[in-house]
Amino acid sequence: MNRISASELHAKLIAGQTPILLDVREELEFHTFNIGGENIPLGHLIQGIDDLEIDLEEEIVVICQRGIRSLTACSVLEAAGFKNVLNLHDGLLGWQKHVQRS
């Protein structure tokens, strides 16, 4: 399981790299605070993994609040054949701590 820190993701985005951002929190959480990307709650992702219209080779950064739900989502994506999946280590709490404060 690969992971990416908030600082590393921020640097990628600043450099113009565009990984797919997949936020697996619930809709209300997403609308309260997010850094963009697509919101597919973990339960919906698990049920609809075969319906995802994402190339298996695309870089996907999976996001949640603390990095726990996203870890599960990464496992689900990898089991479905996605090859370049990264978990946002420490989730959006880490983002708020390391990126927003800098």
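Asparagine 87 counts as buried, at 5% relative accessibility (buried means under 20% relative accessible area, exposed over 50%, and partly exposed in between, with a 1.4 Å probe and protein chains only). This is a predicted model, where local features need pLDDT of at least 70 and side-chain atom pairs count only at pLDDT 80 or more, while totals for chains, interfaces and linings use all residues. Residues are numbered from 1 along each chain as its sequence is written, and side-chain values use heavy atoms, leaving out hydrogens and water.

Asparagine 87 has its place in strand S5 (helices are DSSP runs of H or I with at least four residues, strands are runs of E with at least two, and both are numbered from the N terminus). Its touching partners, not counting residues up to four places away in sequence, include Asn2, Arg3, Ile4, Val62 and Cys74 (contact means heavy atoms within 4.5 Å).

Another buried residue is arginine 25, which sits in the loop between S2 and helix H2 (27-32). Leaving aside residues up to four places away in sequence, arginine 25 touches Phe30, Phe33, Asn34, Asn39, Pro41, Ile63, Cys64, Gln65, Arg69 and Leu92.

Here are the two residues side by side, each with a side-chain polar contact (a pair of N or O atoms within 3.5 Å; within protein, one must be able to donate a hydrogen and the other to accept it, and residues adjacent in sequence count only if both atoms are side-chain atoms).

| Residue | Relative accessible area | Side-chain polar contact |
|---|---|---|
| Arginine 25 | 1% | aspartate 23, 2.8 Å |
| Asparagine 87 | 5% | serine 70, 2.3 Å |

Now for the nonpolar side. The largest nonpolar core has 16 residues, and those with the most contacts inside it are Val24, Leu45, Leu52, Val62, Leu77 and Phe82 (such a core is a set of buried Ala, Val, Leu, Ile, Met, Phe, Trp, Tyr and Cys residues joined through side-chain atoms within 4.5 Å). Helix H3 (42-47), S4 and helix H4 (69-79) each give two or more residues to this core, and H4 supplies the largest share, three residues. There's also a second, separate core of twelve residues, with Ala6, Ile35, Ile63 and Val99 among them.

Finally, helix H5 (residues 91-98) has Gly91, Leu92, Gly94 and Trp95 buried. Seen down the axis of H5, the buried residues fall within an arc of 155°, so they line one face of the helix (the arc is that of the directions from the helix axis to the C-beta atoms). They pack against helix H1 (6-14) and strands S2 (20-23), S4 (59-63) and S5 (84-88).
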